[in-house]
Amino acid sequence: MMNDLASLVQIKGLRDGLLVSLSDASWEDQHAALLSQIDEKQSFFQGARLALDVGAQILKVNEMVELRDQLSERNVSLWAVIGESPTTEKTAQLLGLATRISKPRPEDGRRFEVQDLGEETALFLNKTIRSGARIEFRGHIVVLGDVNPGAEIAAEGSIIIWGRLRGAVHAGSKGDEAAVVCALDFAPIRLQVAADAMNIQDKKETGKPEMAFIRGERVVIEPWQPGQ
Amino acid sequence: MTAQVITISSGKGGVGKTTTVANIAVALAADGAKVVCVDGDIGLRNLDVVMGLENRIVYDIVDVIEGRCKLRQAMIRDKHFPELYLIPAAQTRDKNSVSPSDMTRLCNELRPEADFVLIDSPAGIERGFRNAIAPADRVLVVTNPEVSAVRDADRVVGILEAEEKRSTALIINRLNPILVKQHDMLSAEDVLDLLGIQLIGIVPEDEGVLVGSNRGVPVAQDAKSRAGQAFRNIAKRIRGDEVPFLDLEKQSGLWDRIQKMAGKK
């Protein structure tokens, strides 16, 4: 019977502690299985940090608290509870437990996937794009805010910045020579339209809206004229 | 008492985070607040040195987290201010000894004990930084008026925005008004223009800050120091007072006169 229970939970070592993965069996069974495993191999678990991967199970606050207390009685600290359910995650956060384990969050290098790739699809970003952020999109990109140095934007279509452009931009990233880059204040660190990159280190700030586009085979930057 | 937890961060190293923590802590404590400083730079601790408490360390933050001592036992009382405490970092461990949830739990334990908890974040944007910002109610980003420091500060502000830490404010440290005037240094306006976040203090460059750090007596204790005054003003703004920013031109006015006398102008 004990061995049966033992197979319900998987335990493996991580850099920061032990990861316990639960199966689909009921919480009561797995709970008991985990505790009995710990009791059996006391010396192994002594002082361990435990992360619990509950999968899709939903743990209630009292269940989590009970487990944490039972573990701490055995000198094992519950460090993280990872689960697919937002309820479980919230509960874990409420108890001050970690809800992720050393997996980098996808906060930078965002890739926005769109189902329908109509020609006129655009991504609208209503914020300042800061250093370290990279935004790629398969249509056009519109930013209502600044693009700071160290930020990168690449669009298969055009890039419109309603603000100051100071970062790196690449419009027509798959070769569309009709793509343009516009900004109210145009001073990117790096500028590329389709295949042609332009070194614009010495460009003076004009304080006027400008637009970059391909003429012939080269990128040119011109003041933006209404009505063109 | 429910303490406000404030993390001091920067991205780039060497811009003066630790000095800023020590000085703001001293200024808040001098004003009668109960302050606990937490050194989040595990493995490279130095807040204890800057505060002059190095030789009093018995237990450190990792001892608390791993349960070898009680929180109280790791709180070192300051020499000058009885209501100022330091929880030192461990020198012989690394940043992975602590997790963000450990820091949150520690700070929640400190909240009823103090008015302010100040966390000194390590440089970088990795584990130590994540630990330091996890419990923060407020983050102060320190930068110097130089391009690389501002770039890193921008990155940090971006991460804080992604983490939805809403209350972020900027400290511009080591501003040299003479260099700014000669257009050899970014001005406070340039920095603010790029970062676009609330400004909470501008600290002028001042040799006294370095001397104070080496002696373990933060310059905020020196009533005559202009940098000290700047840190005291930041402390007041943290408490919610409206304090006008220092006129940093005054000092350069003196320099102008000296240079005129020397026939350089």
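Does A:Ala194 count as buried, exposed or partly exposed, and how many C-beta neighbours does A:Ala194 have inside 10 Å? In this predicted model, A:Ala194 counts as partly exposed because 19 C-beta neighbours lie inside 10 Å, whereas a buried residue needs 20 or more. The residue is found in the loop that links strand E13 (190-193) to strand E14 (196-198) of chain A.

A:Asn75 is not a glycine, yet its phi is positive, at about 60°. A:Asn75 is placed in the loop between H4 and E4 of chain A. It counts as partly exposed because it has 13 C-beta neighbours inside 10 Å, and a residue is exposed only with 12 or fewer.

Four strands of chain A form an open sheet in the order E1-E2-E3-E4, and their pairing is mixed. Strand E1 (9-13) and strand E4 (77-83) of chain A are the edge strands, each pairing on one side only. From one strand to the next, the twist averages 20°. In general, the strands of a sheet pair through backbone hydrogen bonds, in either a parallel or an antiparallel manner. Here E1(A) pairs with strand E2 (residues 18-22) of chain A in the antiparallel sense, over 5 bridges. Within E2(A), A:Ser21 is the bridge partner of A:Gln10. Helix H4 (residues 61-73) of chain A lies across strand E3 (49-55) and E4 of chain A, and H4 runs at about 145° to E4(A).

E7(A) runs parallel to strand E9 (residues 152-155) of chain A, and 4 bridges join the two. One of the residues in E9(A), A:Glu152, is the bridge partner of A:Arg134.

Chain A as a whole contains 5 helices and 16 strands. Of its 228 residues, 33% count as buried. Among its contacts between residues at least 6 apart in sequence, 35% join residues at least 24 apart. The confidence of the prediction should also be considered. The pLDDT of chain A averages 82, and 86% of the residues score at least 70. Over residues 103-109 of chain A, however, pLDDT stays under 50, and the model has 6 contacts beyond four places in sequence for this stretch. Where pLDDT is low, the predicted coordinates should not be read in detail.

Chain B has 12 helices and 8 strands. Of its 265 residues, 52% count as buried. Contacts between residues 24 or more positions apart make up 77% of those in chain B with a separation of 6 or more.

The discussion now turns to the nonpolar interior. In soluble globular proteins, nonpolar side chains tend to be buried together. The largest nonpolar core has 82 residues, of which B:Ala25, B:Val35, B:Ile61, B:Val117 and B:Leu118 touch the most other members. Helix H1 (residues 17-30) of chain B provides the largest share of this core, 8 residues. Apart from this core lies another, of 28 residues, which includes A:Leu123, A:Ile160, A:Val169 and A:Phe186. When residues up to four places away in sequence are not counted, B:Ile61 touches several residues, including B:Val38, B:Ile42, B:Ala74 and B:Val98.

Another residue of chain B, B:Ala235, lies in helix H11 (residues 226-238). B:Ala235 is buried because 25 other C-beta atoms lie within 10 Å. Beyond its neighbours within four places in sequence, B:Ala235 is in contact with B:Ile24, B:Ala27, B:Leu28 and B:Asp31. The C-alpha atoms of B:Ala235 and B:Ile200 are separated by 9.2 Å, and the two residues are 35 residues apart along the chain.

Finally, the two chains meet where 16 residues of chain B are in contact with 14 residues of chain A. Helix H5 (100-110) and helix H7 (147-162) of chain B each supply at least two residues to chain B's side of this contact. The largest share of that side, 7 residues, comes from H7(B). By class, chain B's side has 5 nonpolar, 7 polar and 4 charged residues.

Note on methods. Residues are numbered from 1 along each chain as its sequence is written. Chains are lettered from A and ligands numbered from 1 in the order in which they are written. This is a predicted model: local features need pLDDT of at least 70, side-chain atom pairs count only at pLDDT 80 or more; totals for chains, interfaces and linings use all residues. A nonpolar core is a set of buried Ala, Val, Leu, Ile, Met, Phe, Trp, Tyr and Cys residues joined through C-beta atoms within 7 Å. Two residues are in contact if their C-beta atoms, placed from the backbone, lie within 7 Å. Ala, Val, Leu, Ile, Met, Phe, Trp, Tyr, Cys and Pro count as nonpolar, Asp, Glu, Lys and Arg as charged, and the others, Gly among them, as polar. Two strands pair if DSSP finds at least two bridges between them. Axes are lines fitted to C-alpha atoms, for helices over the stretch in contact, and angles run from 0 to 180 degrees between N-to-C directions. pLDDT is the predictor's confidence in each residue, from 0 to 100.
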